[in-house]
Amino acid sequence: MALTRRRLLSTAGAGAAALGLHAAGFTSGTAWAAPRFAADPFSLGVASGDPLPDGVVLWTRLAPDPLAVDGLGGMPPQSVTVEWEVARDEAFSDVVQRGETSAVPELAHSVHVEVTGLEPRHDYFYRFRAGTDISPAGRTRTAPDPRETAAALSFAFASCQCWYEGFYTAYRHMAAEDLDFVIHLGDYLYEYGVGPTGGVRGVSLDASFQRETYTLSEYRNRYALTRTDADLQAAHLAFPWVLTWDDHEVENNWAGDIAQKDSDGFPDSDVDSFRARKAAAFQAYYEHLPLRLPQKPEGAEVAMYRRLRFGTLMELHVLDTRSYRDDQVCGDGTESGCDAERSDPSRSILGDTQERWLLDGAAATDASWNVLANQTLIAQVDQDPDPDVVSSGLDMWDGYTAARDRLLTGLYESRANNPVVLTGDIHRSVVADLKLDFADASSPVVATEFAGTSISSGGDGEPMDDKGYDWMAAGVNPHLKWHNSQRGYTVVRLSHEELRASYRVLPYVTTPGAGVQTAAGFTVETGNPGAFWG
């Protein structure tokens with residue numbers, strides 16, 4: 001879009017939190033008074049996130065050389081003043097907030113501006129300026145007032161976007177939707193090496209990209225590589241995002257302070273070494289996404305779970321099923337047996353504090369819908385159609401059956417309003433009734449789980465694969481309503497009367513330009529848990 005280069009006023013915006021000052025106060029670098037960049041400093045785009053009724057957080061990172069091997073994005077070890085403004089219109093003729101913040105080298109010259117003083121449920125446009133360069137303009141939307149009986153909400157959820165296994169065409173289609181916000185459920189990047197030609201992308205990359213990420217500079221560069229994608233940038237430009245992580249933001253199948261691997265060439269088999277790796281991964285995650293100050297890590301510690309309210313329609317519980325879980329039993333793959341270990345009541349996937357926080361919050365809210373932004377599949381799934389073999393995914397909630405029982409029993413006994421679970425991770429779409437007792441056909445349905453497929457992870461999918469046939473075999477998992485293993489995202493539209501999930505899928509992702517279609521739609525009615533077609 002065309003943007004004028006008129007000077008932005010540099011008066012501090014009274015509605016912005018002091019995040020920039022917080023960051024600048026800890027910088028050891030001097031100020032770059034009159035920056036002149038060799039290339040576009042906004043190469044990674046702009047984004048907004050965690051919408052509240054009176055504001056959002058705005059993000060960008062200055063990176064004129066985004067894939068510089070040292071992870072510094074082509075920036076010097078100096079702080080840079082970044083100006084920002086928020087307007088009611090795309091032409092920025094009606095500016096409502098403006099100010100400045102500092103992009104500091106300690107945070108890879110990223111900025112997180114927490115704007116307040118905006119009107120509820122209102123569209124705004126925002127942009128940044130550094131030196132003489134002006135960023136693209138993003139669009140964002142504030143949440144409804146907590147007391148507002150909003151008629152409807154629309155959002156999409158997505159997960160699992162392995163850069164080298166597929167193009168992000170799904171995000172280009174998502175950007176054209178009419179949405180209030182986007183939820184990302186994890187695996188924003190993958191820590192594995194991308195290969196000498198960038199997988200299906202067919203681009204030449206420095207050798208540092210061809211090995212697994214471990215250091216802060218490597219995690220920074222993997223995020224930068226991911227964020228250079230134009231389709232991903234378009235989806236961030238179009239809507240505010242609410243994000244949480246799964247495993248690949250650090251390492252496959254990590255659990256608390258326990259690494260998956262101990263023989264991959266990295267010294268992370270001991271707790272201290274793995275915590276150092278987590279600290280690097282957490283910092284790079286924060287530096288590249290529109291997260292608020294409470295989600296800024298302190299080393300290997302961060303409070304990622306949180307709650308957002310959208311009028312009287314929805315209470316959104318954003319979960320972290322990685323940081324507090326007990327280690328997976330019997331390895332972390334798909335195993336038969338291990339029943340005693342899986343059902344140990346002392347084991348948790350959320351941790352005691354988060355589990356109590358979730359159940360108390362879901363019981364207390366007066367919103368029409370309790371929506372859980374969750375990472376791994378909650379539904380019980382026997383992955384082997386042989387009636388004499390029970391095969392369970394031990395990295396999923398199937399590996400923590402007592403914790404799942406506590407969750408579903410707690411929601412049921414508290415009569416929490418209309419719980420619905422959104423899930424990523426599994427690279428396939430599944431609709432499931434979450435039952436109080438999966439072994440009892442007459443047991444009540446507590447909630448509906450909508451598991452969404454990947455954006456690109458796994459490469460080209462198909463409507464049904466071998467695993468899907470196993471899962472959906474007659475009598476094996478009768479609580480599963482539908483399955484699809486194509487790539488895409490899910491759009492959710494909800495009112496006080498019903499919630500409808502529409503599964504958007506693409507025929508291929510290993511080459512760009514695929515179209516999109518709706519493979520299925522399911523509805524949940526208020527007061528009637530369980531999904532039905534339509």
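In the predicted model, strand β18 (residues 429-435) pairs with β20 in the antiparallel sense, over 4 bridges. Within this pairing, S429 has N484 of β20 as its bridge partner. Both strands belong to an open sheet of 7 strands, arranged in the order β12-β13-β15-β17-β19-β18-β20 with mixed pairing. Strands of a sheet pair through backbone hydrogen bonds, in either the parallel or the antiparallel sense. The edges of the sheet are formed by β12 and β20 (480-484); each has a single partner strand, so one side of each is left without a neighbour in the sheet. On average, and with direction ignored, neighbouring strands of this sheet are turned by 20° against each other.

Two helices contact this sheet. Helix α7 lies across β12, β13 and β15 and runs at about 180° to β13. Helix α8 packs on the sheet through contacts with β17 (419-423), β18 and β19 (445-451), and its direction makes about 125° with that of β19.

The buried residues of α7 are Q354, E355, L358, L359, G361 and A362. Viewed down the helix axis, these residues fall within an arc of 165° and therefore line one face of α7. They pack against β12 (306-310), β13 (314-318), β15 (369-374) and α8 (401-413). The exposed residues D352, T353 and A364 are carried on the face of α7 turned away from its buried side.

The largest nonpolar core comprises 52 residues, and those with the most contacts inside it are Y171, M174, W241, Y285 and Y489. At least two residues of this core are supplied by each of β9 (153-158), α2 (169-175), α3 (216-227), α4 (230-238), β11 (241-243), α5 (271-287) and β21 (487-494). Helix α5 contributes the largest share, 7 residues. With neighbours within four places in sequence left aside, Y171 is in contact with A158, Q161, H184, D231, L232, A235, W241 and I455. Another core, of 32 residues, lies apart from the largest one and includes F157, L185, V318 and A520.

Notes. Residues are numbered from 1 along each chain as its sequence is written. This is a predicted model: local features need pLDDT of at least 70, side-chain atom pairs count only at pLDDT 80 or more; totals for chains, interfaces and linings use all residues. Side-chain values use heavy atoms; hydrogens and water are left out. Buried means under 20% relative accessible area, exposed over 50%, partly exposed in between (1.4 Å probe, protein chains only). The arc is that of the directions from the helix axis to the C-beta atoms. Contact means heavy atoms within 4.5 Å. A nonpolar core is a set of buried Ala, Val, Leu, Ile, Met, Phe, Trp, Tyr and Cys residues joined through side-chain atoms within 4.5 Å. Two strands pair if DSSP finds at least two bridges between them. Axes are lines fitted to C-alpha atoms, for helices over the stretch in contact, and angles run from 0 to 180 degrees between N-to-C directions.
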